[in-house]
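Hello,

Here is the structure for you to look over. My notes follow it.

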Amino acid sequence: MDKAITLVTGANKGIGKEIARQLAVAGLTVYVGSRDAARGERAVGEIGGDARLLVLDVTDDASIAGAARQVDTLDILVNNAGISGDGKTADQEDAGTFRRIYETNVFGTVAVTNAFLPALRRSAHPRIVNISSGTGSLTWATGPQFPHRGTYAAYRSSKAALNALAVFYAHALAGDGIKVNALAPGLRRTGLNATAAASDGDPAEAAAGAVRLALLPDDGPSGEFFSWDGTPAPW
Ligand SMILES: NC(=O)c1ccc[n+]([C@@H]2O[C@H](COP(=O)([O-])OP(=O)(O)OC[C@H]3O[C@@H](n4cnc5c(N)ncnc54)[C@H](OP(=O)(O)O)[C@@H]3O)[C@@H](O)[C@H]2O)c1
């Protein structure tokens, strides 16, 4: 896979940019997905290696179709683009905010994945990695150790839906040899929301977990959920 072709959505900053950087350092061709051309171009310059700009807004069908037309073969798709909203519980939140967050985190992932499936089917070792969240784990949410009692409801339920999609895509695409897994990247210092911005988690550590799933061998897992350090995460 040393000249594999990869796409990371939302790669102009944060965890996505770090995933793109690590894939480029590994010698892969990396399409740096960015909805804003200028921000994406700047990231491409900072990432170096064989990084290339791919303008891609995951909520815009025309943008997705235009991006997919530019990529003939794709070995690795990292569905990273995401938004979080604020920390409201479901009873405090309006349905419009749920729709807006699902539009990016859930429907955007479906639209991008489906648009790039023809290119992934041309790969000898196709992989899809969904950047999910441990806060989307219903097992952790209902366990004694998890402190976020019902907060970030729109965001976290969108990640639970994204986790379900990792399973369903893995089952549907197994016959094509496409592996699909979900990653819980851990709390990282990015602009995602106030909690992330105030944390001291290194995005590079999360990115290494994504790269591991992106480079899984042919006998590796599919339809599973992993923490950034490679340990299984509960659904
Ligand atoms: N940071 C954490 O602690 C943490 C924890 C768990 C999970 N995650 C997940 O990790 C992923 C990356 O988040 P991050 O922490 O790196 O946040 P971030 O720094 O805010 O980066 C998010 C990226 O997604 C892009 N994006 C948002 N909407 C988009 C759209 N419609 N089309 C294309 N790109 C879009 C952003 O682009 P713009 O610059 O144009 O806005 C940005 O590049 C997300 O899926 C997030 O849910 C993060």
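In which hand does H4 pass H6? The crossing of H4 and H6 is right-handed.

First, the ground rules. This is a predicted model, in which local features need pLDDT of at least 70, side-chain atom pairs count only at pLDDT 80 or more, and totals for chains, interfaces and linings use all residues. Residues are numbered from 1 along each chain as its sequence is written, and side-chain values use heavy atoms, with hydrogens and water left out. Helices (H or I, at least four residues) and strands (E, at least two) are DSSP runs, numbered from the N terminus.

**H4 and H6**
H4 covers residues 95–121 and H6 covers residues 153–173. Their axes lie 8 Å apart, at an angle of about 20°. Axes are lines fitted to C-alpha atoms, for helices over the stretch in contact, and angles run from 0 to 180 degrees between N-to-C directions. H4 is therefore roughly parallel to H6 (under 35 degrees; over 145 is roughly antiparallel, 65 to 115 roughly perpendicular, the rest oblique). Contact means heavy atoms within 4.5 Å. On H4 the contact residues include Phe98, Ile101 and Tyr102. On H6 they include Ala161, Leu162 and Leu165.

**H1 and H2**
H1 (residues 14–25) and H2 (residues 37–47) cross at roughly 40°, and their axes come within 10 Å. H1 and H2 are therefore oblique to each other. This crossing is right-handed. Lys17, Ala20, Arg21 and Ala24 of H1 meet Ala43, Glu46 and Ile47 of H2.

**S1 and S2**
S1 (residues 5–8) pairs with S2 in the parallel sense, over four bridges. Pairing takes at least two DSSP bridges between two strands. Threonine 6 stands opposite valine 30 in S2. Six of the six residues of S2 (29–34) are buried (under 20% relative accessible area; exposed is over 50%, partly exposed in between; 1.4 Å probe, protein chains only). Thr29, Tyr31 and Gly33 cover one side, with Val30, Val32 and Ser34 on the other.

**Leucine 187**
Leucine 187 sits in the loop between S6 (179–184) and H7 (194–197). Leucine 187 counts as exposed because its relative accessibility is 52%. Beyond its neighbours within four places in sequence, leucine 187 touches Thr195, Ala196, Ser199 and Gly201. Its C-alpha atom is 8.8 Å from that of glycine 134, 53 residues apart along the chain.

Best wishes

Note on methods
Left-handed = near helix turned anticlockwise from the far one by under 90°.
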